Amino acid sequence: MKHLSLRKYRFVLIATILLWIKTYIVYKTSFDIEIESWKQEFILFINPLSFLLFVFGFSFFMKEKARNRYIIITSFLTSFVLYANVMFYRFFNDFITLPVLFQTSNMGDLGNSVLELFRFTDLMLFADVALLVWLVRKKSAFVHFEPVTKKERRAYYFIVAAIALFNLGLAETERPELLTRTFDREMLVKNIGTYNYHIYDIVLQSKSKAQRALADSSELADIENYIRANEKAPEKELFGIAKNRNIIVVSMESLQSFVINNTIDGQEITPFLNDFIKQSYYFDNFYHQTGQGKTSDAEFLVENSLYPLGRGAVFFTHATNEYMATPEILKKHGYYSAVFHANNKSFWNRDIMYQSLGYDKYFSQEYFDVNEENSVGWGLKDKDFFEQSIPYLKTLPQPFYTKFITLTNHFPFELGEEDKMVPEYTSNSRTLNRYFPTVRYMDESLKTFIEGLKKEGLYENSIIILYGDHYGISENHNKAMAQYLGKEEITPFDHVQLQRVPFIIHIPGVTDKHPKVISKVSGQIDVKPTLLHLLGIDTKEDIHFGQDLFAEDKMDFAVLRDGSFITKDYVFKANVCYDKKTGLKTDISYCEPYMEKAKQELDYSDKIVYGDLLRFYDNKNEKVQETKE
């Protein structure tokens, strides 16, 4: 291109360079991307370039006014995508995906969470757009327009392609099979860049849509064989021990296990749960396995014993699929089912998804008296939520299966002074500091709820299940977390251990007489078969990946959505094997026997969801039944 006049390209190059440098600065200041060599740093630096040159290059096909307008709009939209990733990363420590980007119906409910994440300096992310507008209005020489010939456009895009291939070639030498390891979004962003990652994400989304159209019943055969081979017989003494009891499940928002039996300033953080555990079956090695869908993913795991997706939330992307969820199964055994959640009924697409899961009733925000006095953060305070729910609970046909989703212990962990029963922590993290009072408030709310159940005669004939839905404190607060836990730092091993959440099964008249602490490695995927067996319901024909937590030969194993996994002796995280006794790196060979199982379970579960394969399973069962008749 040396014979070409650079004047023709100045405005495009200015827009490209400004956005390129801005993106790299964001990489270094807003994302925690681990760099291990100069080559990785160089790849990180150049990876936005090919995309930016490509999209701004379209302006060479336009006339002057259209070109200027296109460059400014493109710069703004690209900056917006970058900023969306920054905001998402601040809370979830992850990169946004296309399904999440389209979940804009949730934005109205995010409210204070978005404000909490916003920083005044964020406005600088759009400073380059303002500069481009100023240059156009000033009619600067940098905006000088000259038509670009077909030959010049061809030469330009040849250079763009060369840069893209150079980037991809370097990335492949650094990370072989890069584009087949889609569960690791950080690795993709580090090597191909934020913008190319989103293009790749669009391709994956299109592929997932095609999967359902092309799926057929034959794909279920291997999955069924795998599930049957891993099925564990239930513990005989506990099978059916809660038969015909009412079921009360509580999703405890953002509650991690590190607060259980722990204190702040000498005061118990969870005094009620600490006592409740002593009358229950408590699982202290139980992990949340959620992905980007967080609370909705936890619901999906608990009620389907399928894994959430690696991208987006099943509640949004596949809400109309056919499922074999707990409410639908229990309906065949005479149960009435209902959900209680004082939030907008369409948030996380719940009004649609709950129908697919087989729920009979959804008590959403419209059923509750919500006002300024009884609200904080995301809405109705937990105490008021439980108090207003019990009268509805009394009206339900029995036996019933009910689920309660709490709200108060939700980021940004706001609470009025009148409701604080323990002080805030003192660290460099406002998020962690405020976490303890909201946890304590939720704990007191649970105490009120159980007392209410006893008062209204709904306690004795029930089985009560409490579970933490997902983490509350992300990796972005590791320094403060290390301070609280008395550690020098939070290592990747520690991070995985912090994904443990409380899981409590309480059966009045049973667990209070013979409480147990069960330390087998387990996760939310195991809840469904465990509950059904306690109710005396056979699961041999069910499609699920979890195992009965009371089964004698239950495997010590939990795989997280990012591909990490935990066994009795080892933790696998980011392609590194850790010894649980020491918390230190050990030979990868110790983890290798479990790596294929972890990958296979995630892949099989994804096939079920993306292909909507359970629609074929139902049809098959109906045909078998017809034959028997």
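This is a predicted model: local features need pLDDT of at least 70, side-chain atom pairs count only at pLDDT 80 or more; totals for chains, interfaces and linings use all residues.
F385 and F386 form a tilted aromatic pair, with 5.3 Å from centre to centre and 40° between the planes.

Now widen the selection around them. K361 lies over the face of F363, 5.6 Å from the ring centre.

Next, select K454 and Y459. Here K454 lies over the face of Y459, and the distance to the ring centre is 4.9 Å.

Color every aromatic ring for a moment. Across the whole structure, a search finds 57 aromatic pairs. One of them joins Y27 and F31: the ring centres are 6.3 Å apart and the planes stand at 40°, so this pair is tilted. Are Y27 and F31 buried or exposed? Y27 is buried, and F31 is buried too. A pair of aromatic rings is described by the distance of the centres and the angle of the planes.

**The disulfide**

Select C577 and C591. Their sulfur atoms are 2.0 Å apart and form a disulfide. The cut-off for such a pair is 2.5 Å between the sulfur atoms. How many disulfides does this rule give? The count comes to one.

Look along the S-S bond of C577 and C591. The torsion about it is about 75°, so the disulfide is right-handed. C577 lies in strand β18 (residues 576-579), and C591 lies in the loop between β19 (585-586) and α23 (592-611), so the pair ties together parts that are 14 residues apart in sequence.

Why do both cysteines count as buried? Buried means under 20% relative accessible area. C577 is at 1% relative accessibility, so C577 counts as buried. C591 is at 0%, so C591 counts as buried as well.

**The cavities**

Rolling a probe the size of a water molecule over the atoms shows where empty space is left. In this structure the search finds five cavities of 30 Å³ or more.

Go to the largest cavity. Its volume is about 90 Å³. Select Y307, D526, F545, F557 and E601, the closest to its centre of the 14 residues that line the largest cavity. Then color by element. β15 (557-559) and α23 are the elements that give two or more residues to this lining. Which element gives the most to the lining of the largest cavity? That is β15, with three residues. By class, the lining of the largest cavity has seven nonpolar, three polar and four charged residues.

Move on to the second largest cavity, which holds about 70 Å³ of space. Select its lining: Y226, I227, N230, E231, H544, F545, G546, Q547, K597 and E601. Here α12 (220-229) and α23 are the elements that give two or more residues. The lining of the second largest cavity divides into three nonpolar, four polar and three charged residues.

Methods: Residues are numbered from 1 along each chain as its sequence is written. Side-chain values use heavy atoms; hydrogens and water are left out. Rings of Phe, Tyr and Trp (its six-membered ring) pair if their centres lie within 6.5 Å; planes under 30 degrees apart count as stacked, over 60 as edge-to-face and the rest as tilted. Buried means under 20% relative accessible area, exposed over 50%, partly exposed in between (1.4 Å probe, protein chains only). A charge sits over a ring if NZ of Lys or CZ of Arg is within 6 Å of the ring centre and within 35 degrees of the ring normal. Helices (H or I, at least four residues) and strands (E, at least two) are DSSP runs, numbered from the N terminus. On a 1 Å grid over the protein atoms alone, a cavity is a set of points where a 1.4 Å probe fits but cannot get out, and a pocket is an open set with protein on both sides within 12 Å along at least five of seven lines; lining residues have an atom within 4 Å of a point. Grid points are joined across faces, edges and corners, and a volume is the space filled by probe spheres set on the points. Ala, Val, Leu, Ile, Met, Phe, Trp, Tyr, Cys and Pro count as nonpolar, Asp, Glu, Lys and Arg as charged, and the others, Gly among them, as polar.
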